Amino acid sequence: MTTTLVKLAFAGIRSRLLASGLTILLASAAAATIVLALEVGQTARDPWQRTFDAANGAHVLTTVPSEADARSIASLPGVAQRDEPVPSALARVASGGGAERLRLAGLRSPARVNAPVRTEGAAPPAQGVVLERSFADALGLRVGSELRLAAPGGRIALPIVGTAVSPAQARYPRSNPGLAWVPRRTLERVEPDRSNWAWTEAIRLTTAAAAPAFAARAGASFPPGAGDVQTWENQRAEALRDSQPIAIILTTYTIVLLIVVFAVVAILVGARASAQYREIGLLKAVGLTPRQVTVVFALEAAALGVISVMIGFAAGALLAPRLAQPSAETLLSSPTTAANPWHLLVAGIPVLLVLLVSARSATRRSTRFSVLQAIQSGAPSPAPRSRLARAIAGAPLPIPLALGLKDLLASRQRALRLGGAIAVTGAAVVFALSMKASLDAQPVGEVSDVSEELPVLVYTLDAVLLVITTTTLVAIALLSVRERIRDYGILKTVGLTPREIGSGLVGAHTAVALVAALLSIPIGIVLFRAVFAIAGGSSEDLVIAPWWALTLVPIGTLLLVAAATALPGRLATRIPAADALRYE
Amino acid sequence: MTPVLEARGLAKTYDTGGAEVLALRGVDLTIERGEFVAIMGPSGCGKSTLLNLLAGLDRPTAGEVRLDGERIDRLSEAELARLRRRRVGFVFQFFNLLPALSAVENVELPLLLVGRRRKDARRTATELMAELGVGDRRAAAPAQLSGGQQQRVALARALANAPDIVLGDEPTGNLDSASARDVLGLLRAARDRGQTLLLVTHDARVAAAADRVVALRDGLVSDETELHAARPVALPFGREERA
């Protein structure tokens with residue numbers, strides 16, 4: 001029996017290649033975003049570790065106001081290796097098109113712990129200045145050019161002799177002020193007042209795991225607020241924090257995609273169950289139980305789900321290093337594919353669950369009808385009318401539109417799911433428009449701490465959602481036509497013209513889409529506010545897309561739906577009435 | 001007097017995957033106003049095809065169809081649809097009610113299509129349903145009706161605009177004896193009000209009620225039998241109410 005059920009499931013996949021392909025496209029997109037969200041942070045972990053190793057990174061890094069404090073911390077038990085305290089002072093940059101703040105670290109000799117790792121030119125402490133790479137990139141400063149600093153005694157011009165990275169310095173401008181290394185004498189020239197200096201003590205411990213305990217002891221040795229202590233874990237988290245907004249966006253879009261997957265797959269499976277109404281009746285007549293019929297659909301959903309998860313995992317693992325690229329500016333090498341097998345499981349469970357639940361929910365009704373009814377009528381009778389359908393019946397709408405709406409709303413679940421898919425897609429577009437408005441609202445010339453990859457990622461995911469929703473619309477409209485061919489024959493017999501039938505189909509889908517698109521605006525605004533707050537954005541920087549941009553959402557939706565349903569509408573009108581009446 | 005419906009040299013060929021099937025091979029048929037004609041013949045002889053061509057639901061391969069002297073086989077799909085709205089009613093063996101509409105909505109649909117006001121259409125549909133004995137099932141969905149009730153609703157829909165001609169494809173073929181008798185009675189009542197009836201049937205009782213029986217065999221008219229003298233022509237039921 002199991003073999004028979006499996007055969008039936010695969011026959012179902014083969015017989016509905018469009019629906020199967022759409023399901024795989026959707027489910028793999030959802031799986032890919034889950035994998036991306038999980039992988040993005042991890043793909044930069046190895047490069048950070050390599051940078052940390054190259055720098056002989058500090059397990060604990062303390063910054064205190066005096067050299068004496070720094071030395072006293074270095075004398076605490078557990079220290080395996082230390083360096084001389086390094087003084088630093090703030091300076092103001094007078095070149096590179098802005099007035100950015102910069103912390104200058106004054107080195108007497110090459111650092112032994114937490115050493116800057118050279119990426120171009122000379123290594124610190126060379127004569128001149130070595131800039132932290134992300135700072136140099138953000139300000140467009142190149143090796144060989146000059147860095148002009150505003151010092152108390154006037155401007156000081158320093159030749160830029162190299163760039164370097166540090167595992168303890170996150171990407172500029174999120175980590176602001178930027179960082180540069182100069183010889184001690186240069187620091188004294190830029191900031192002669194030593195009371196303005198801070199002292200950094202870089203410490204390596206006998207065991208890295210002891211860092212939190214050592215940091216607590218070090219923190220207790222100076223008054224609260226007088227200094228700063230960072231463990232190697234803090235440094236890593238801060239360095240990789242660029243991927244946090246990307247992870248939040250990916251998590252949000254994962255939820256959105258899972259909702260769309262649930263909606264669309266339920267529609268597709270439901271359409272299959274409806275189209276195979278008689279076949280299901282025959283299967284039950286030959287002895288299959290309702291549970292076994294459900295198993296056939298569940299097997300089909302599971303097979304599509306497994307394929308989707310594999311595709312999604314591969315795509316997610318390949319794309320993750322690109323999205324973690326912003327961190328690379330502070331690392332020695334670019335993020336690499338991590339492809340944690342556990343992520344396959346984590347991505348697979350929700351996707352498979354959504355597919356199986358939607359298959360179960362779609363087939364529940366189809367397995368409840370009587371065998372005789374199924375075999376005789378060939379199609380399920382529509383569900384009892386909703387209040388909405390009754391309201392439409394009483395509304396003074398044009399007859400084709402009223403008929404189209406009654407038809408569409410006869411499958412309430414399908415209409416709701418279609419509306420839901422359009423609403424969340426519209427909300428994602430509102431999200432992208434608001435994000436663009438927020439980025440555009442930043443003062444000209446100010447360096448943004450939002451990585452370039454973030455908007456590109458959001459636009460790409462929006463494009464994926466739009467493609468999916470449009471394809472879904474075409475598929476659903478085609479399914480509606482296929483299911484209603486006989487009804488179109490009846491309507492033609494009663495006297496509806498082909499144009500009226502086509503306009504009824506397009507009009508009904510457009511009306512449902514318009515309601516969903518209008519709802520998507522507040523949903524999108526709430527979503528944007530929530531994600532902005534979770535990502536730690538300041539409420540002053542939050543800008544919602546202007547009203548004229550938001551009106552593009554319903555207008556665009558109407559155009560999209562009209563275009564997507566035009567072809568199915570045309571098909572609906574072309575079938576001769578006599579052929580349509582013979583259709584089963 | 002001009003016949004209400006006329007077919008000349010009507011032929012229809014179907015292409016079934018490369019093989020041509022001759023469903024009709026040159027049928028000549030004339031239906032006078034107020035006449036009740038039954039078309040009989042074995043399965044596959046072309047009865048339903050002939051009915052579809054006469055109703056403008058399908059296009060002939062050759063020949064012509066005239067309704068009140070006007071040639072309709074060359075009309076566009078839209079023109080044919082508008083013509084059917086007012087002048088042709090159709091009753092099917094399997095009722096073919098629209099499942100998404102209630103019984104009364106099915107009946108009022110043709111009235112709305114010819115521009116009747118919503119309230120007016122609902123009132124007429126309600127009266128018609130009451131007259132056909134399904135007045136108490138107005139709000140029911142088609143699936144909630146018995147076969148006999150569904151056929152009465154389908155008949156009400158076909159008669160709603162008081163068309164010149166009512167075509168029926170085995171209208172009693174899927175009904176029990178009592179329901180078949182009732183539906184036949186209702187059809188005869190429509191004819192008595194002056195409407196022309198053309199029914200395809202296997203049922204000898206239906207044929208016996210007709211004025212004339214046309215027998216088809218292998219896509220050709222093989223026999224015509226006059227059973228009753230044609231009744232006097234009266235104005236069709238409800239004609240005076242038409243917009």
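1. Asn56(A) counts as partly exposed, because it has 17 C-beta neighbours inside 10 Å. The cut-offs are these: a residue is buried if 20 or more other C-beta atoms lie within 10 Å of its own, exposed if 12 or fewer, and partly exposed in between, with C-beta atoms placed from the backbone. Asn56(A) sits in the loop between α3 (45–54) and β1 (60–64) of chain A. Helices (H or I, at least four residues) and strands (E, at least two) are DSSP runs, numbered from the N terminus. The phi of Asn56(A) is positive, near 50°, and the residue is not glycine.

2. A word on the model and its labels. This is a predicted model, in which local features need pLDDT of at least 70 and side-chain atom pairs count only at pLDDT 80 or more, while totals for chains, interfaces and linings use all residues. Residues are numbered from 1 along each chain as its sequence is written, and chains are lettered from A and ligands numbered from 1 in the order in which they are written.

3. Phe95(B) also needs a look. Its phi is positive, about 70°, although Phe95(B) is not a glycine. Phe95(B) counts as buried, because it has 23 C-beta neighbours inside 10 Å. Its place is the loop between β6 (88–91) and α3 (103–113) of chain B.

4. Next, the cis bonds. Most residues other than glycine have a negative phi, and most peptide bonds are trans. The bond from Tyr172(A) to Pro173(A) is cis, with omega near 10°. The bond from Asn176(A) to Pro177(A) is cis, with omega near 10°. Pro173(A) is in the loop between β8 (154–165) and β9 (178–183) of chain A. Pro177(A) is in the loop between β8 and β9 of chain A.

5. Two residues are in contact if their C-beta atoms, placed from the backbone, lie within 7 Å. Beyond its neighbours within four places in sequence, Val261(A) touches Leu26(A), Ala27(A), Ala30(A) and Val354(A) by that rule.

6. Last, chain B as a whole. Chain B has seven helices and 10 strands. Of its 243 residues, 53% count as buried. Among contacts in chain B with a separation of 6 or more, 70% join residues 24 or more positions apart.
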